[in-house]
Amino acid sequence: MNKNNLKPAAVFEQFAKINEIPRPSKCEEKMIAYLKEWGESRGLDTQVDETGNVIIRKPATKGYENRGTVILQSHMDMVCDKLVDVDFDFDNDPIKTYVDGEWLTAEGTTLGADDGIGCAIELAVLDAKDIEHGPIECVFTRDEETGLTGAEGMKAGFMTGDYLINLDSEDEGEIFVSCAGGRSTTAKFTCKRTDAPAGTFFLRGSLKGLVGGHSGDDINKKRANAIKILARFIQQTMRRYEGTMLAQLHSGKLHNAIPRDGYFVIAVPNGVKENVRADWNVFATEVADEFHVTDPQMVFTMESAEAEPVIEAAVAKNFIWALQAVDNGIYSICQEEALGGMVETSSNIASVHTGESTIDVLSSQRSNVMSNLDNMCATVASAFELAGAEVVSSDGYPAWKMKENSKLTAIVVESYKKLFGKEPVVRGIHAGLECGLFSERYPHLDMVSFGPTLRFVHTPEERLLIPTVQMVWNHLLDVLKNIPQK
């Protein structure tokens, strides 16, 4: 499959242009400017709100003027992650893509299809001269990936439509009608550092090659979390060998990604250093077997390290014990039959970094039930507070509740059955979608979310299943034709 002949051409041409524009979360100015110039150059009503969200309006085609207005919505920012040995500047370099069978992927970095492909579909709709539709508002929000602050900052009245189709889903053939709410919980330990006593030996243990993934949509896949694994070995060593000291622990980058790699530096008594190396080899074998289905490419290494100041023993122990104790993964499953056994509540330890005088931990909690989200945050906070950390929970974002008797859902489902001869899956998603915030500010909106198939989002293995883009395109155009009159 040639990258220059992908179908639908209008969508992939837009996606290629988008991937030339740097757009890390919170640094979307170039993308905002591009969208503004793009809409204005075509004579379309284009506005940018004070937060940086962009809306481009397209009038109805002839005969569709009395149809309800449809909002197409996606986010312009992308998660920026790369392989450790890849030299790439996300603030300046274009994403380099290639075709791998039926998949489009990137060279050692995240692809940006989350949610660049949604943006590309919107731009292709706006540019098309041969499709039928009522009034359309194409909305591009900023900074979805690091807290949904674009949607949070959008004021009521910016969007005026009746129906909203969010194009930020990752499984073609699945129609999403609800999503989880989420919050972040941070813990900060204050510590002093001292020189290690004479007769100690420093070791650096590292772990890479984990699959990682989205901390919401992939939390049910039992993928390994690098932080939990590294902390587990450190605690084991501290328990076995008196005098073990912690100097460094670093893992994770993003609040919404499962950590894929990391390393620690510990100091151990000279007399047990070979025991610790042997323990590490046994541990690596056991953990690799534990996760052999989900993470078959784990790489464990251990080597000698230079001496450096170590974290005071009491703080180091409390920190590592808290990491071992804190909840990570699935906490509960949805009870509603309509949501099909979806994860209801979860938590992910996302990043850990030791500094000169502080240790910083970032975690994220999600739930479709806001009271249980509070409970999950309190559970995580308690583990760190008992260990002596200063803990702060963010305000977060709300869940999107399934709308009973949704007209838009009925239209979307009927269209899918007509086009593809099979029933789509109608379900909720454990990831956060901006629909939750929109439902608070625009309670009248009838909303669904769907999109082409993506895999390994938020990782350098992110990939887009090319044939599903054509399917989503055909589905969306048919839905637009069948929106009812106002």
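In the predicted model, Asp143 is found in the loop between β6 (136-141) and α4 (149-153). The phi angle of Asp143 is near 50 degrees, a positive value in a residue other than glycine. Asp143 is also buried, because its relative accessible area is 2%, and the cut-off for burial is under 20%. Phe456 is placed in the loop between β24 and β25 (463-465). With a relative accessibility of 32%, Phe456 counts as partly exposed.

One joins Lys7 and Pro8, with omega about -5 degrees; Pro8 belongs to the segment before α1 (9-18). Another joins Asp114 and Asp115, with omega about 0 degrees, and Asp115 is found in helix α3 (residues 113-127).

The strands β24 and β25 also take part in a sheet. This open sheet consists of four strands in the order β4-β5-β25-β24, with antiparallel pairing. Its edge strands are β4 (97-100) and β24 (454-455), each of which pairs on one side only. Between β4 and strand β5 (residues 103-106), the antiparallel pairing extends over four bridges. Within this part of the sheet, Asp100 stands opposite Trp103 in β5.

Aromatic contacts were examined next. A pair of aromatic rings is described by the distance of the centres and the angle of the planes. The structure holds 11 aromatic pairs. In one of them, the ring centres of Phe233 and Trp280 are 4.9 Å apart and the planes lie at 80 degrees, so the arrangement is edge-to-face. This pair links distant parts of the chain, since Phe233 is in helix α5 (residues 226-240) and Trp280 is in helix α6 (residues 273-290), 47 residues apart. Phe233 is buried, with a relative accessible area of 0%, and Trp280 is buried at 2%.

Phe283 and Phe300 form another edge-to-face pair, at 6.5 Å centre to centre and with 90 degrees between the planes. Phe283 lies in helix α6 and Phe300 in strand β16 (residues 299-304), so this pair ties together parts that are 17 residues apart in sequence. Both partners are buried: the relative accessible area is 3% for Phe283 and 17% for Phe300. Phe233, Trp280, Phe283 and Phe300 form one aromatic cluster together with Phe264.

Aromatic rings also face charged groups. The charged end of Arg42 sits over the ring of Trp38, 3.8 Å from the ring centre. Lys273 lies over the face of Phe201, at 4.3 Å from the ring centre.

Rolling a probe the size of a water molecule over the atoms shows where empty space is left. The structure holds three cavities of 30 Å³ or more. The largest cavity contains about 140 Å³ of space. It is lined by 17 residues, of which Glu144, Glu145, His214, Ala431 and Gly432 are the closest to its centre. By class, this lining has five nonpolar, six polar and six charged residues. The second largest cavity contains about 110 Å³ of space. Of its 13 lining residues, those closest to the centre are Asp81, Lys253, Ile258, Pro259 and Arg260. The lining of the second largest cavity divides into five nonpolar, four polar and four charged residues.

Conventions:
Residues numbered from 1 in each chain as written. Predicted model: local features only at pLDDT ≥ 70, side-chain atom pairs only at ≥ 80, totals over all residues. Heavy atoms only, no water. Pairing = 2+ DSSP bridges. Helix = DSSP H or I, 4+ residues; strand = E, 2+ residues; numbered from the N terminus. 1 Å grid on protein atoms, 1.4 Å probe; cavity = no way out; pocket = protein on both sides within 12 Å on 5 of 7 lines; lining within 4 Å. Points joined across faces, edges and corners; volume = space filled by probe spheres on them. Nonpolar A, V, L, I, M, F, W, Y, C, P; charged D, E, K, R; others polar. Phe/Tyr/Trp six-rings, centres within 6.5 Å; stacked < 30°, edge-to-face > 60°. Buried < 20%, exposed > 50% of the residue type's maximum accessible area, 1.4 Å probe, protein only. Lys NZ or Arg CZ within 6 Å of the ring centre and 35° of its normal.
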